[in-house]
Amino acid sequence: MSIPKVDSLCFQDVLGRFTSKHNNEDIDDDDDEANVVANAFFELANAPMVSYRISASCEIHIQQDVSACGHHTGGIVWETSYLLLNFLRATNISENACCNRLLEVGAGCGLVGLGCHKSGSRLIAKEVIITETHDVMPNLLDNWKRNYPCQKDDRRSSSETSTLQLCELDWNNYRDDCKKANIKKHSIDIIVGTDVVFAVGLVEPLIKTMRYLAHEKTIAYLCLQERCKDSHELLLEKAREHDFHIQDISDEYAAIPECQWGKDLECCLLKFTVVTNKQQRKKKRKRSKQTD
């Protein structure tokens, strides 16, 4: 099934246009840098179609479903999605970690996962798995078809260097959904997610899903804006309970020119690593010595 072409707003062009105006002092003095960046993303969020330029010859086109906002949060591309994709492509995480399989939780419109697969010479992972709930899947599937028009309708794509798979994954039913998708326990090397922490009731199911997927060397990156303080605090608490060590590595993205605008929007980047049994024993011995 072919998807009709629609004009799209390119993320890099829109952000560049707004920041260029700011740098040239063509806007009111009252507009600070944060407002300039926010205005750029407001324009992007209200566009029916957006795009992300991978290279001069490759662009990802994403249809947004603004009408779905009353039902779920996966209808638009959030600021953190652009930010995390910029970060992943700039840092070459595959050189710093075992990255055969990357899985995106709560993929929404699919920008991050599609961008990781279409990363060209900057290979991020050999296998990319994009996951979402049943309600969000129709628009995600349309975006997959839009960017892979020649692929068969089996939710899989492949290139010379990597493969792509789309799967339904409900965090409240992660064991059954992983079984259906043939995703084995402790089989994912990199987990990524953007703005997946916005409701208290979803925090522990998310952490349990991540822990099920992660092995001892897995790294997870969650890029977030604090939309719900209680949810954010609960995320940190539950992550520790389920043997994750968390680092706020926002300073790392802030050092990358393509990501510096994230600070203006108060985006944070959290890195999760698994606390191994050996590390847990070491901590217990340390606490024991402190109490002696």
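Which residue in strand 7 is the bridge partner of Ile129? In the predicted model examined here, that partner is Gln165.

The chain contains 12 helices and 11 strands. Of its 292 residues, 49% are buried. Among contacts with a separation of 6 or more, 76% are formed by residues 24 or more positions apart. The accessible surface of the chain amounts to about 15,000 Å², and carbon and sulfur atoms contribute 46% of this area.

Strand 5 comprises residues 127-132, and six of its six residues are buried. In a regular strand, side chains alternate between the two faces of the sheet. Here, Glu127, Ile129 and Thr131 point one way from strand 5, while Val128, Ile130 and Glu132 point the other way; all are buried. Strand 5 pairs in the parallel sense with strand 4 (residues 101-104) over four bridges, and Leu103 stands opposite Ile129 in this context. Strand 5 also pairs with strand 7 (residues 163-168), again in the parallel sense, over six bridges. Ile129 therefore has a bridge partner in strand 7, namely Gln165.

Salt bridges that share partners join Asp13, Arg53 and Glu59 into one network.

The structure holds nine salt bridges. In one of these, the side chains of Asp13 and Arg53 meet at 2.9 Å, N to O. Because Asp13 lies in helix 1 (residues 11-23) and Arg53 in strand 2, this pair ties together parts that are 40 residues apart in sequence. Asp13 is partly exposed, with a relative accessibility of 43%, and Arg53 is also partly exposed, at 29%. A further salt bridge joins the side chains of Arg227 and Glu79 (3.7 Å, N to O). Arg227 is located in the loop between strand 9 (214-224) and helix 9 (229-241), whereas Glu79 belongs to helix 3 (residues 79-91), so the pair ties together parts that are 148 residues apart in sequence. Arg227 is partly exposed, with a relative accessible area of 41%; Glu79, by contrast, is buried, at 18%.

An open sheet of three strands has the order 1-2-3 and mixed pairing. Its edge strands, strand 1 (9-10) and strand 3 (58-63), each pair on one side only. Strand 2 (residues 49-55) pairs with strand 3 in the antiparallel sense over six bridges. Within strand 3, His61 is the bridge partner of Ser51.

The structure holds zero disulfides. A disulfide is a covalent bond between the sulfur atoms of two cysteines. For Cys167, the closest cysteine sulfur is that of Cys178, at 8.4 Å, which is too far for a bond.

Technical notes:
Residues numbered from 1 in each chain as written. Predicted model: local features only at pLDDT ≥ 70, side-chain atom pairs only at ≥ 80, totals over all residues. Heavy atoms only, no water. Pairing = 2+ DSSP bridges. Helix = DSSP H or I, 4+ residues; strand = E, 2+ residues; numbered from the N terminus. Disulfide = S-S within 2.5 Å. Buried < 20%, exposed > 50% of the residue type's maximum accessible area, 1.4 Å probe, protein only. Contact = heavy atoms within 4.5 Å. Areas by Shrake-Rupley, 256 points an atom, 1.4 Å probe, with all protein chains shown as cover. Salt bridge = Lys/Arg side-chain N within 4 Å of Asp/Glu carboxyl O.
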